[in-house]
Amino acid sequence: MVPGNAMNEAGDRVPSQLRKGVLEYCVLALLRDEPKYGVELVAELSAVSVMTTSQGTIYPLLSRLRREGLVATELRDSPSGPPRRYYTLTGVGRASLAEFAQAWPLFRDAVDHFLTDPQGDSA
């Protein structure tokens with residue numbers, strides 16, 4: 001049995017670490033079909049509870065993706081308030097997303113292999 005807050009900390013830590021590992025590729029996937037702005041990306045990610053993130057996480061990630069050439073940006077007028085910065089997937093971003101999409105099932109299956117008890121009981 002896990003004492004006191006250790007269970008709650010472990011319960012928060014695992015999804016957080018998993019999210020950090022895949023958030024970049026989820027953002028690239030959300031940009032696959034059309035440009036989006038940061039708040040829109042936060043809302044779409046948050047529609048799936050384990051992917052909920054904040055603007056404080058998404059904007060530094062988008063800046064890094066832009067510096068790495070995975071996304072491009074453009075300012076567009078907003079119907080309310082200041083112009084919005086829209087992010088678009090670049091060719092390099094598409095290639096990175098395709099590479100991840102190819103590797104992900106193998107990675108997921110490998111993790112599932114280790115989590116599956118040989119007796120047939122789940123972990």
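This is a predicted model: local features need pLDDT of at least 70, side-chain atom pairs count only at pLDDT 80 or more; totals for chains, interfaces and linings use all residues.
**Stop 1: the nonpolar core**

Select V27, L28, L31, I58, L62 and L65. These residues have the most contacts inside the largest nonpolar core, which has 18 residues. Next, colour the helices α1 (6-30), α2 (38-46) and α3 (55-67) and the strand β3 (84-89); each of these elements gives two or more residues to the core.

Now keep V27 and show what surrounds this residue. Apart from neighbours within four places in sequence, V27 is in contact with L41, L45, I58, L61, L62 and L65.

**Stop 2: the largest pocket**

Select L18, R19, V22, W104 and F107. Among the 16 residues that line the largest pocket, these are the closest to its centre. The space in this pocket is about 380 Å³.

Which elements supply at least two residues each to the lining? Colour α1 and α4 (91-115) to see them: both do. Helix α4 gives the most, with eight residues. Sorted by class, the lining holds eleven nonpolar residues, two polar residues and three charged residues.

**Stop 3**

The whole structure has four aromatic pairs. For one of them, select Y25 and F100. Their rings are stacked, with 4.2 Å from centre to centre and 5° between the planes. Y25 belongs to helix α1 and F100 to helix α4, and the two residues are 75 apart, so the pair links distant parts of the chain.

**Stop 4: an edge-to-face pair**

Select Y37 and Y86. Why is this pair called edge-to-face? The ring centres of Y37 and Y86 are 5.3 Å apart and the planes stand at 65°, and the label applies because planes over 60 degrees apart count as edge-to-face.

Y37 sits in strand β1 (residues 36-37) and Y86 in strand β3, so the pair ties together parts that are 49 residues apart in sequence. Y37 counts as buried because its relative accessibility is 19%, and the cut-off for buried is under 20%. Y86 is buried as well, with a relative accessible area of 13%.

Technical notes
Residues are numbered from 1 along each chain as its sequence is written. Side-chain values use heavy atoms; hydrogens and water are left out. A nonpolar core is a set of buried Ala, Val, Leu, Ile, Met, Phe, Trp, Tyr and Cys residues joined through side-chain atoms within 4.5 Å. Buried means under 20% relative accessible area, exposed over 50%, partly exposed in between (1.4 Å probe, protein chains only). Helices (H or I, at least four residues) and strands (E, at least two) are DSSP runs, numbered from the N terminus. Contact means heavy atoms within 4.5 Å. On a 1 Å grid over the protein atoms alone, a cavity is a set of points where a 1.4 Å probe fits but cannot get out, and a pocket is an open set with protein on both sides within 12 Å along at least five of seven lines; lining residues have an atom within 4 Å of a point. Grid points are joined across faces, edges and corners, and a volume is the space filled by probe spheres set on the points. Ala, Val, Leu, Ile, Met, Phe, Trp, Tyr, Cys and Pro count as nonpolar, Asp, Glu, Lys and Arg as charged, and the others, Gly among them, as polar. Rings of Phe, Tyr and Trp (its six-membered ring) pair if their centres lie within 6.5 Å; planes under 30 degrees apart count as stacked, over 60 as edge-to-face and the rest as tilted.
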